[in-house]
Amino acid sequence: MRLAIPAKAVPYLAVAPLAIVLLFFFVIPMAMVLVASFFDYNMTGIIPTFTLTNYIDLLTSRTTLELYLETLKFALIVWAITLVLGFTIAYFLAFHVRNPLIAIGLLLLCTVPFWTSDIIRMISWIPLLGKYGVFNRALLELGVVDSPVQWLLFSDFAVVVAYVHLFTLFMIVPIFNSMARIDRSLIEAAIDAGAGRLRVLTEVVIPLSKTGIVLGSIFVITLVMGDFFIVKIMSGGRSASVVMAIFEDVNLLFYPPAAASAVLLLIIVTLIVSFILRVVDVRKELMG
Amino acid sequence: MKEKARSTSRVTRRRVLTTAAGAAGAAVGSGLVKGFPTIWAQNIKDVTLTHVGMSYSTIIDIARQATKDLGFKVEMAVTDHAGFVNRVTTQPDSVDIADGELWQALLVVPRGSYQPINVKKIKLWDKMTPIYTKGTFDGKQVSRIGISPIKVQYLSGAEAKSFAKEPTDWATFVPGFYNADTLGMRPDLIHRPIEHWGELFNSEFKGKAAIQDIPAIGIMDAAMAAEANGAIKYADKGNMTRAEIDKTIALLIDLKKQGHWRALWSTFDESVNLMAAGEVVIQSMWSPAVTAVRSRGIPCYYVPLSEGYRGWGNGLALMKHLNGIKLDAAYEYINWYHSGWVGGFIAKQGYYVPVPETAKNFLTADEWGYWYEGKPAKEPITDPYGKVMEKAGAVRDGGSYEARFSKIACWNTLMDEARYMNEKWNQYRTA
């Protein structure tokens, strides 16, 4: 006997597995974080009463503003650099490499560094950028500078270098994916209609790669907003991030203020992402 | 079934005999504690103890030796500071022996994750250093600034979640490793003696100084320097007021803006690399990091300063869920821990153990002279793994054990205003 599934139930059943996973691993933990953010606490434990103190402390502290400015600064710089790099590399792979097999092969080459861990890739910059590192030695040998350049390592520069190195791929892949789907006859048509290279780029390629750009941007911005380890190591402790403050609260078991910071961060990242999605309607682009 | 039981017991008996012989052989002449294992239960070999702590104390060699000597399995699990308190309080069943720092006890004990240790079941309790058990050293009171061991050593009773001010029969933990920290410097790059903590802020070392980026410890190094310079007077620098924290952080920010700090380091390796590369010539440092720099053939000096040392220590606590044979095994393990092998092993890393006289049996006379008595080494000194790290004739920085611990000025701390301090420290990072 076949089990008859009412037609109406099919879509619900189809989304059920994902919904259940999200419920247990996202909705419930998030709800717990939200509840905890209203609890009181002291050195000896969490006090389950309702209080707004955590949010008041968070929103009236100068440190919060400074941490957000610092984190947003990195997010913006890294977003701009990875966008230019990612777009250029994807463009090259999609349009200049004629053989699609070679293009895929080159794209896979971009992922080679990802075979080792994030931490190793980040730390390997230290001997390169250090005071007596490879770059400084080269600059000294070439006579460009008289004494080692200090700002290469343990600086905002070093943080940006590591972020760009680690996150550019997250920009390349979605943009390449969008570009690969652009019908080549559109470009030919544009050229036939008299468009120059630049016009083809701005009026055909960029509009049709929008979804990739948006997805890549969301990846890169959320990754930077959620980081604390890279900024800690590469800045040599001379910079901080929003998540680092959360980590430090958790370090001392101060869960309620950590939860409040996490809720605020979630709200801000959600706002950024919804702003990006408002500028480009990804769903419409993908459907169309 | 019967056959199986018999073969198990045969294996157990053989193992017990060989391990007992091995342990007895190793403990010859100790005269203090010998004859491990002391538990002869048939099923003891099924016990596995998980010893959780920070990387510097949860060393796999200790677990291997314990497993060999005791007839049951000991495993080491390494965490960082944050991981430790979180694991012990939120997943207490995944831990058997909790090897935490003194100040961490302030967070864990009120949450009831540990079970009090009956000191009568600790064979060498009376031989333990009075730094922990009485709050004294050499008959004098040890500094109470910061989390001095005596503040967290005893509990008020068998079920207590609060600390006792005076010794009781119930211990929070058995004392673990401890040491006295100071500043490290490069004597080949600083051509004059360094005698005061205040030198950390000296503009002579602009761009070549570093401080550790662990707020609770970094602030103490900063406070030692600020006090030595006369810049700030503290009522109790181990438990600062908000105003005192503000002043200290303002001073650090000011120095940062002048370009004084090359870096804030947060891991042991970073401090070694900074110093070895010459990026930094004076900084907060931990003893084995100094050793690590020197074993690369680069001069590095762990300077005894006139204001004294910043002390730190660990303790091994038993988790609440331990009972029955596993609890017996845990007591057996913490008793074994002080019987000498561990002390001999860790001395070569520059750390001290609560019963030095047992460690002496596991060190040569020359090693004992070098590590504990401040005497020049007669032969090359090796690290715990046998690698030569000092040539004959070398003398340990800071001299003897007594010279070092009679000069503890403060201890690593957890202030009442810890959260405020962390927030301010983040301001310093972003400044």
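In α10 of chain B, the buried residues are B:Ser287, B:Ala289, B:Val290, B:Thr291, B:Ala292 and B:Val293. A residue is taken as buried if 20 or more other C-beta atoms lie within 10 Å of its own, as exposed if 12 or fewer do, and as partly exposed in between, with C-beta atoms placed from the backbone. Helices (H or I, at least four residues) and strands (E, at least two) are DSSP runs, numbered from the N terminus. The model is a predicted one: local features need pLDDT of at least 70, side-chain atom pairs count only at pLDDT 80 or more, and totals for chains, interfaces and linings use all residues. Residues are numbered from 1 along each chain as its sequence is written, while chains are lettered from A and ligands numbered from 1 in the order in which they are written.

Contact here requires that the C-beta atoms of two residues, placed from the backbone, lie within 7 Å.

Helix α3 of chain B (residues 81-90) has as its buried residues B:Phe84, B:Val85 and B:Val88. They cover an arc of only 85° around the axis, so they sit on the same side of α3(B). The arc is that of the directions from the helix axis to the C-beta atoms. An α-helix has 3.6 residues a turn, so residues three or four places apart point the same way. The buried residues of α3(B) pack against β1 (48-54), β2 (73-79), β3 (97-101) and α4 (102-108) of chain B.

Chain B as a whole holds 16 helices and 18 strands. Its radius of gyration is 22 Å, close to the 22 Å that the globule rule gives for 431 residues, so chain B is as compact as a globular protein of that length. The radius is taken over C-alpha atoms, and the rule is 2.2 Å times the number of residues to the power 0.38. The C-alpha atoms of chain B fill a box of roughly 80 × 50 × 40 Å along the principal axes. Of the 431 residues in chain B, 49% are buried. Among contacts in chain B with a separation of 6 or more, 70% join residues 24 or more positions apart.

Chain B divides into domain 1 (2-180 + 311-362) and domain 2 (183-307 + 400-430). These bounds come from an automatic or database domain assignment. The centres of domain 1 and domain 2 of chain B, taken over C-alpha atoms, are separated by 31 Å. Their contact takes 21 residues from domain 1 and 20 residues from domain 2. On the domain 1 side, α4, β9 (174-181) and β15 (309-319) of chain B give two or more residues each. Helix α4(B) gives the most to that side, with 3 residues. By class, the domain 1 side has 12 nonpolar, 7 polar and 2 charged residues. Ala, Val, Leu, Ile, Met, Phe, Trp, Tyr, Cys and Pro count as nonpolar, Asp, Glu, Lys and Arg as charged, and the others, Gly among them, as polar.

Chain A has 15 helices and 2 strands. Its radius of gyration is 24 Å, whereas a compact globule of 288 residues would have one near 19 Å. The C-alpha trace of chain A spans about 85 × 70 × 40 Å along its principal axes. Of the 288 residues of chain A, 31% count as buried. A:Thr88 lies in helix α3 of chain A. With 12 C-beta neighbours inside 10 Å, A:Thr88 counts as exposed. The C-alpha atoms of A:Thr88 and A:Ala14 are separated by 39 Å.

The contact between the chains takes 30 residues from chain A and 27 residues from chain B. On the chain A side, α3 (62-96) and α13 (242-251) each supply at least two residues. Helix α13(A) gives the most to that side, with 6 residues. The chain A side has 13 nonpolar, 10 polar and 7 charged residues.

The largest nonpolar core contains 186 residues, of which A:Ala162, A:Tyr163, B:Ala210, B:Ile282 and B:Tyr333 touch the most other members. Helix α8 of chain A (residues 156-180) gives the most to this core, with 13 residues. The core also draws at least three residues from each of domain 1 and domain 2 of chain B. Such a core is a set of buried Ala, Val, Leu, Ile, Met, Phe, Trp, Tyr and Cys residues joined through C-beta atoms within 7 Å. Not counting residues up to four places away in sequence, A:Tyr163 touches A:Phe74, A:Val78, A:Val224 and A:Ile230.
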